[in-house]
Amino acid sequence: MAMEPPPLFLCPISMELMEDPVTVATGVTYDRRSIERWFFKYGKTTCPATMQRLASFDFTPNHTLKRVISSWLDRASSSSSPSTAGSPATTSSSSSSNAMERERLPSVLAGIEETPFKATALKNLKSCMAGDEAAREDFVACGGIQVLGRVMTQALEESSAGGDFSAFRTCEEAAAVLATLPLSDDASVELLLKPECMRPVSVLVQRGSAEARLHAMSMISKISRASVRDWTAEVDVDDMVKALLELLSDGASAKLSSRALDVLLDVTARYSRGARRAKAVELGAVRVLAELLLDADRHVAERSLLLLKRMCKCPEGRLAFAEHGLAVAAVARAVLRVSGLATRLAVNVLWLVACAPAPAERVLEDMVVGGAVAKLLALMQVESSPSTKDKAVKMLRAHGAFWRQYPCFPTDLKDYLKSLN
């Protein structure tokens, strides 16, 4: 089995093993490619881990860490060789070690709230539970979720009161432990749904490190799948949506973006009133999702289109879509190009904005110039779902006369549009 790299070796932005570690003015080390992208592609002026504004964007190569990572890679390669991996002696030793660690679990939990070295204790606790299902069960049975809930709440209070970054780091380490739990039973989920756990989790989504955000969103996804209760009742949903949209806008790693879209889908599915969707639009949801579509793989495109569909069900969403210069072209690009699901969702979005009461003329112009009308006509010639084809026909019939007036519109397609009316 492949060895997991120590967290210190992972870039805080990409969460991948660093190839060229460099240190910025705050003392935090990143992989050069990731931090250059943060500063020079996205125009950020803060340290991603601490959010401190930087006066200098100079990098200092971390040669020591690079050598240590190189040595670790050599050892990992040696330890995975067939002659040693999976031998009975190694397996027996590992099982004995895990059993001893589980025996220590109650005493670790008993002292974790008192120790001044909470972050280190939590890292050790995570190591104890990693890959050990019995240890995770013991952790829950010993009241571990309640203990870490109190630790996170206290750490956040200390961090807010004095700006203590080490206290916030404690909160992140506690979340890393909780993220190892499968959360497949009602009892564990109910404990995590309590305010002392959910509020810190929400804060980590908003301003945690890349790794902490992954842990927090992983917990939310597990809770959402396992419980019928609304987890958003304990958090400020608007603040969370804003943080998720900022994360997507900043060009986060593929894994982080995927998690953020999953949480946004879950949050927006719980929007029972148009006012909540309108608030998401006000926070920039349509703009971020449209721009995300321009360079999206299949999974990101499908999620983004589903979110756009939800946003465009309210007047504010349709207005924001109409006012965005690339929204129509980005959605049209997905038709007949990404997947069958993406095509259906994209046509639904175009239907919502083009066939709403008094559709914006700019949307209709963008549809012909941006290639959406040509895509709708192409749908008539290929196999597609009846509802998708029906929406395409209705759009073409409703606005065909408007689109035919454009000189850029091909003559043969103008004749086809006439035949539909």
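Let me start with the salt bridges, where Asp20, Arg32 and Glu36 are linked in a network, a salt bridge being a side-chain nitrogen of Lys or Arg within 4 Å of a carboxyl oxygen of Asp or Glu. A search of the whole structure finds 12 salt bridges. Residues are numbered from 1 along each chain as its sequence is written, and side-chain values use heavy atoms, with hydrogens and water left out.

Glutamate 282 pairs with lysine 279, with 3.4 Å between the closest N and O atoms, and both residues belong to helix α13 (residues 274–282), 3 residues apart, or about one turn of the helix. Helices here are DSSP runs of H or I with at least four residues, strands are runs of E with at least two, and both are numbered from the N terminus. Glutamate 282 is exposed, at a relative accessible area of 61%, whereas lysine 279 is partly exposed at 27%; for these words, buried means under 20% relative accessible area, exposed means over 50%, and partly exposed is in between, with a 1.4 Å probe and protein chains only.

In helix α15 (residues 298–311), arginine 298 and glutamate 302 are 4 residues apart, again about one turn, and their side chains meet in a salt bridge at 3.5 Å, N to O. Arginine 298 is partly exposed, with a relative accessible area of 40%, but glutamate 302 counts as buried at 12%.

Not counting residues up to four places away in sequence, valine 300 touches Leu261 and Leu292, where contact means heavy atoms within 4.5 Å. The C-alpha atoms of valine 300 and alanine 254, which are 46 residues apart along the chain, are separated by 8.9 Å.

Now to the overall fold and its interior. The protein has 22 helices and 3 strands, and of its 421 residues 47% count as buried. Among contacts between residues at least 6 apart in sequence, 64% join residues at least 24 apart.

Which residues touch the most other members of the largest nonpolar core? They are Leu125, Phe139, Leu148, Trp231 and Met367, in a core of 113 residues, a nonpolar core being a set of buried Ala, Val, Leu, Ile, Met, Phe, Trp, Tyr and Cys residues joined through side-chain atoms within 4.5 Å. Helix α18 (residues 340–354) gives the largest share of this core, with 9 residues, and the core draws at least three residues from each of domain 2 (115–235) and domain 3 (238–420), the bounds coming from an automatic or database domain assignment. Leaving aside neighbours within four places in sequence, methionine 367 is in contact with Val328, Leu350, Ala354, Ala372, Val373, Leu376, Met395 and Trp403. Apart from this core lies another, of 19 residues, among them Met18, Val22, Val24 and Trp72.

Leucine 183, in the loop between α7 (165–178) and α8 (186–192), has a positive phi of about 50° and is buried at 3% relative accessibility. Leucine 336, in the loop between α17 (327–334) and α18, has a positive phi of about 60° but is partly exposed at 42%.

Finally, a word on confidence. The protein averages a pLDDT of 83, and 88% of the residues score at least 70, pLDDT being the predictor's confidence in each residue, from 0 to 100. Where pLDDT is low, the predicted coordinates should not be read in detail.

Notes:
This is a predicted model: local features need pLDDT of at least 70, side-chain atom pairs count only at pLDDT 80 or more; totals for chains, interfaces and linings use all residues.
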